[in-house]
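Here are a few exercises to work through with the model open beside you. Try each task before you read its solution.

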Amino acid sequence: MSEISTAASEFGVRGRDVRAVRLEATNHEGCFLGKNVSPKKFDSSAPAGFNFADLLFGLDLGNAPSMGFAYPGWRGHLDDVSFKPDMATLVEWEPGLESVIGDYWLKDGTPVPICPRNLLRKMVDRLATSGYIATIAVEIEATLFEESIHDARAKGYRDLTPLGGTAGTAYHLAKSKDWIDYMTAVSRRLDELGIEWEAWSDEDAAGQVELNLVPGEPIAVCDAWARARQVMREVAFEQGHSVTFMAKPTAGYGQASHINLSLQRDGVNAFYAEGGPSETMRHVIGGLLATLEGNTSIVLPQIISYRRLVDLSGPPVTVSWGISNKTTAVRAVCGHRTYARLEYRLPGADANLYLATAGVLAGVIAGLEREIEPPEPVSDMAWCMPPGIKRLPDTITKAADALDADPLLRELLGDEFIDYWIGTRRWEWMQFHTGGGDPFAELSEWESARYFEFP
């Protein structure tokens, strides 16, 4: 009997009355998708996989089929792709409900080219051929509102009341008890599921929170990220509140999803060198900056993602790096054998972390394999158009054009992913401009309706 079938048939041995198994994975937009199956169905179908219509990679966030670009051979006529569960992720989500994360595969046994989790695995495996193991950590930012999701929908997701009061200073402890109760419930739920977290705190905007997950292997951290966001949504629903991960839910501060990265080789932090960045760290920085403009499309996926790129408001706006400089796109933390790392500060809270991490690792691989040297670090403020530093693409179409022109990301991530991703971004731009979006508004009603609940 296969490992999957054996594990599935042991539900009763573990002493739990299982009524269903939930299959979980993200699509390219970062939405957490799946279906519930009976234990008997899971046991019989898990080895071969479960059928899902390829439309899951064809619908936009408005539930319309994306058009205007060539579908790859496996997409376009509602054929099935196969979901194969990763049994290492099987957990008891709640009494009677098991959940398992998986990947999407084609009938010929190859991965779906735009499956986020498989694309990340491809980069992790490629990095391993050079003898490196990556460790990442992620910062999840979200904004909480007093209103229930039903009330938020009725109001068009506009003019909502921040949970915890209007104080927006970072690390503010003078929050009302409902805010504390919400995050306490979230952290307890994460503990129950075995999702390790390090800290949570008030962030800059009113109602905003930052949740830090424990560093780990990239795929495992991304799995924890997907499930942690699901927990935050479920707890909000249970408590009669609402939560959003959109990049800019109000006209105030935006929301990020910073990725912290280190590399180990032979059990040693390859980024550490006495007195500054190691040669490995320098080459990685070089690769990250060489791919930064193209990766902007992946880590800032939506129209609203670019509303966040405002000088002096936190996010990076330039192709830049610096040592302990949080105004740059890539921040180098040096001088510690254990904690030497890079912080990739560009991703928005709406980024699909599997894809964002795959893009980051592609930049890492390019830098290492080509020994790319970075420019001089920025020691001053990297905002407000510093001389000699290039600005990042500031619209979804400019970023798509930059990705289209990036030979490094195209080589590493593959033509099918790059071409399909660019097609979906240009489609999103067209939907915004033909569906009621207002490019001159600080936050349009179209964006609130489209992005508040998804991804």
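This is a predicted model: local features need pLDDT of at least 70, side-chain atom pairs count only at pLDDT 80 or more; totals for chains, interfaces and linings use all residues.

Residues are numbered from 1 along each chain as its sequence is written, and side-chain values use heavy atoms, with hydrogens and water left out.

**Exercise 1.** Work out what span helix 3 (residues 116-128) should have, and check it against the model.

*Solution.* Helices are DSSP runs of H or I with at least four residues, and strands are runs of E with at least two, both numbered from the N terminus. Next, take the rule: the expected span is 1.5 Å times one less than the number of residues.

**Exercise 2.** Find out which residues of helix 7 (residues 279-290) are buried, and what they pack against.

*Solution.* Start with the cut-offs: buried is under 20% relative accessible area, exposed is over 50%, and partly exposed is in between, using a 1.4 Å probe and protein chains only. Nine of the 12 residues in helix 7 are buried. They are Thr280, Met281, His283, Val284, Ile285, Gly286, Gly287, Leu288 and Leu289. Their packing partners include strand 11 (259-265), helix 8 (292-299) and helix 9.

**Exercise 3.** Describe how helix 7 packs with helix 9 (residues 353-370).

*Solution.* Two packed helices are described by the angle between their axes and the distance between the axes. Here the angle is about 120 degrees and the axes are 7 Å apart. Angles under 35 degrees are roughly parallel, over 145 roughly antiparallel, 65 to 115 roughly perpendicular, and the rest oblique. Helix 7 and helix 9 are therefore oblique to each other. Now look for contacts, meaning heavy atoms within 4.5 Å: Thr280, His283, Val284, Gly287 and Leu288 in helix 7 meet Val360, Gly363, Val364, Gly367 and Leu368 in helix 9.

**Exercise 4.** Look at the backbone of Asp266, Leu312 and Pro455, and say what stands out.

*Solution.* Most residues other than glycine have a negative phi, and most peptide bonds are trans. Asp266 has a positive phi near 55 degrees and counts as exposed at 77% relative accessibility. Leu312, in the loop between helix 8 and strand 13, has a positive phi of about 70 degrees. Finally, the peptide bond from Phe454 to Pro455 is cis, with omega near 0 degrees.

Key:
Axes are lines fitted to C-alpha atoms, for helices over the stretch in contact, and angles run from 0 to 180 degrees between N-to-C directions.
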